[in-house]
Structures are given as structure tokens and as C-alpha cells.
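Subject: Structure handover

Hello,

Here is the structure I promised you. Please open it and keep it beside this email as you read.

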Amino acid sequence: MITRIDHIGIACRDLDASIEFYRRAHGFEVVHSEVNEEQGVREAMLRINGTDDGAASYLQLLEPIRDDCAIAKYLEKHGEGVHHIAFGTADVVAATEAATSTGIRALYPAPRRGTSNSSINFLHPKDCHGVLTELVQAADPADAHH
Ligand code: V0V
Ligand code: CO
């Protein structure tokens, strides 16, 4: 079951410039940043609001760290902008199966590591009316040290 918008992923050419933009325009602050080598990104999470399942909703700003990653490819084709929407769930495997059972393709056979040790999978944008859709299960708070 999906219980929140976990984040909206935004492709940026210059992470620091985008962070500064959101700080000045809306007062959003970075609550977490990291490099995800597997995904090829340097990223920052800006917390927007809490949610009634106890988690939160964020903007995820993503800058590529190499030329062959998904974000670099997206920037080259489309320029900066909204890259994906991520729905939050307590069980990413079940939420992925619920979607694939309707014929939507998942990008990974098993969840991969996302921000702050979350578990993530993606649904193909061509099967989701043009929206790259991520499913996110937050790390167990007991092991979320980052
Ligand atoms: C590509 N397409 C998109 C899209 N990216 N449509 C909507 N939103 C996007 N973000 C369309 C594109 O316009 C093409 O349509 C078609 O899909 C094939 O695109 P492509 O440029 O040839 O790209 P592919 O097929 O090589 O790669 C697209 C996929 C790739 C979605 C498969 O981006 C991918 O594997 N994404 C998952 C990983 C990811 O996005 N990582 C970065 C975020 P036409 O032109 O043929 O009609 S990492 C993250 O969010 C983390 C760590 C986290 O949240 O924790
Ligand atoms: Co994301």
C-alpha cells in the first residue's frame, strides 16, 4: 500500500545552485545529502512536510556525477526539471508486485539502495503514462544512522 508522496526528484545541472534557489524562493533547507555511486548522483533532500504515516515528504535534487547515468542522460535530452515522483510505502516489494501484477514493468528484479538506506524500485515511465515512478520503503529507524 502506498501511503505518501515520499519525494519529487528533480534533475539539476548544479546541485549547489538549485539548493540555493529553493532556499531563497521558498525557505527550504537541506536535511540530508549524499553521493549514490550506483545511481551516479550527488543529491540533497529538502524536507517539505511530515505525513500521517510518521514519515515525511521531500524534494530530491539530483546532479549527475558521471556522463552515463540516468540523470546525465535526462539532462542531455530534456534539460533541468522534474525527473520522477516517488511514492512511499511500508513494503516496497509488495507495492512493486501490486504494480507489476497489472502489467507495469519494474526496472529492477529486487529493490536497490536509495537515499538514507531506503529500499527503492522504479516503474518504467512508458508504462506509467510518461511518469518515471519510484517506490520507496524508508530504512528501519533502528538502522537509519545517516
Ligand atoms: C526517460 N524517459 C522518461 C524519463 N527518462 N520519461 C519520463 N521521465 C523520465 N525521467 C523516456 C524517454 O524520453 C524516452 O522516451 C524513453 O523513456 C527511453 O529513454 P532513454 O533516454 O533512452 O533512457 P533509458 O531508456 O536509457 O533510461 C530511462 C530509464 C532510466 C527510466 C530506464 O532513466 C532508469 O533506469 N531510471 C531509474 C534510475 C534513476 O532514474 N536514477 C536516478 C535517480 P522516447 O523519447 O523514446 O519517447 S536515483 C534516486 O531517485 C534515488 C537514489 C532515491 O530516490 O533514493
Ligand atoms: Co528518487
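Below is what was found in it, one topic at a time.

**Confidence**

This is a predicted model. The average pLDDT of the protein is 96. A score of at least 70 is reached by 97% of the residues. The ipTM is 0.98 and the pTM is 0.97.

**Around the ligand**

Start with ligand 1. It has 25 residues around it. Those that come nearest are Ala 70, Gly 114, Thr 115, Pro 125 and Leu 132.

Which element gives the largest share of this shell? Helix H2 does, with five residues. H2 runs over residues 70-78. Three strands also supply at least two residues each: E4 (56-64), E5 (81-89) and E7 (118-123). Sorted by class, the shell has eleven nonpolar residues, ten polar ones and four charged ones.

**Helix H3**

Next, find helix H3, residues 92-100. Its buried residues are Val 92, Ala 95, Thr 96 and Ala 99. They span an arc of only 100° around the axis, so they sit on the same side of H3.

What do the buried residues of H3 pack against? They meet four strands: E1 (2-11), E5, E7 and E8 (133-137).

The largest nonpolar core holds 13 residues. Ile 10, Leu 46, Leu 61 and Leu 62 have the most contacts inside it. E1, E3 (41-50) and E4 each give two or more residues to this core.

Take Leu 61 as a worked case. Leave out residues up to four places away in sequence. Leu 61 then touches Ile 10, Cys 12, Leu 15, Ser 18, Ile 19, Glu 43, Ala 44 and Leu 46.

Another core lies apart from the largest one. It has ten residues, including Ala 95, Ala 99, Phe 122 and Ala 138.

Most residues other than glycine have a negative phi. Ser 116 has a positive phi of about 55° and is not a glycine. Asn 117 is also not a glycine, and its phi is positive, near 60°.

Where are they? Ser 116 is in the loop between strand E6 (112-114) and E7. Asn 117 is in the loop between E6 and E7 too. Ser 116 has 15 other C-beta atoms within 10 Å, so it is partly exposed. Asn 117 has 14, so it is partly exposed as well.

- Ile 48 lies in strand E3. It has 16 C-beta neighbours inside 10 Å and so counts as partly exposed. Beyond four places in sequence, its contacts are Phe 28, Ser 57, Tyr 58 and Leu 59. Ile 48 and Tyr 58 are ten residues apart in sequence, and their C-alpha atoms are 5.2 Å apart.
- Asn 49 is also in strand E3. Is it buried or exposed? Asn 49 has 9 other C-beta atoms within 10 Å, so it is exposed. It touches Ala 56 and Ser 57, leaving aside residues up to four places away.
- Glu 29 lies in the loop between helix H1 (15-26) and strand E2 (30-36). It has 11 C-beta neighbours inside 10 Å and therefore counts as exposed. Not counting residues up to four places away, Glu 29 touches Arg 23 and Leu 46. The C-alpha atoms of Glu 29 and Ala 56 are 14 Å apart.
- Arg 23 is in helix H1. With 13 C-beta neighbours inside 10 Å, Arg 23 counts as partly exposed. It touches Phe 28 and Glu 29, again not counting residues up to four places away. Arg 23 and Leu 46 are 9.4 Å apart, C-alpha to C-alpha.

Best wishes

Conventions:
Residues are numbered from 1 along each chain as its sequence is written. Chains are lettered from A and ligands numbered from 1 in the order in which they are written. This is a predicted model: local features need pLDDT of at least 70, side-chain atom pairs count only at pLDDT 80 or more; totals for chains, interfaces and linings use all residues. A residue is near a molecule or strand if its C-beta atom, placed from the backbone, lies within 6 Å of it. Ala, Val, Leu, Ile, Met, Phe, Trp, Tyr, Cys and Pro count as nonpolar, Asp, Glu, Lys and Arg as charged, and the others, Gly among them, as polar. A residue is buried if 20 or more other C-beta atoms lie within 10 Å of its own, exposed if 12 or fewer, and partly exposed in between; C-beta atoms are placed from the backbone. The arc is that of the directions from the helix axis to the C-beta atoms. Two residues are in contact if their C-beta atoms, placed from the backbone, lie within 7 Å. A nonpolar core is a set of buried Ala, Val, Leu, Ile, Met, Phe, Trp, Tyr and Cys residues joined through C-beta atoms within 7 Å. pLDDT is the predictor's confidence in each residue, from 0 to 100.
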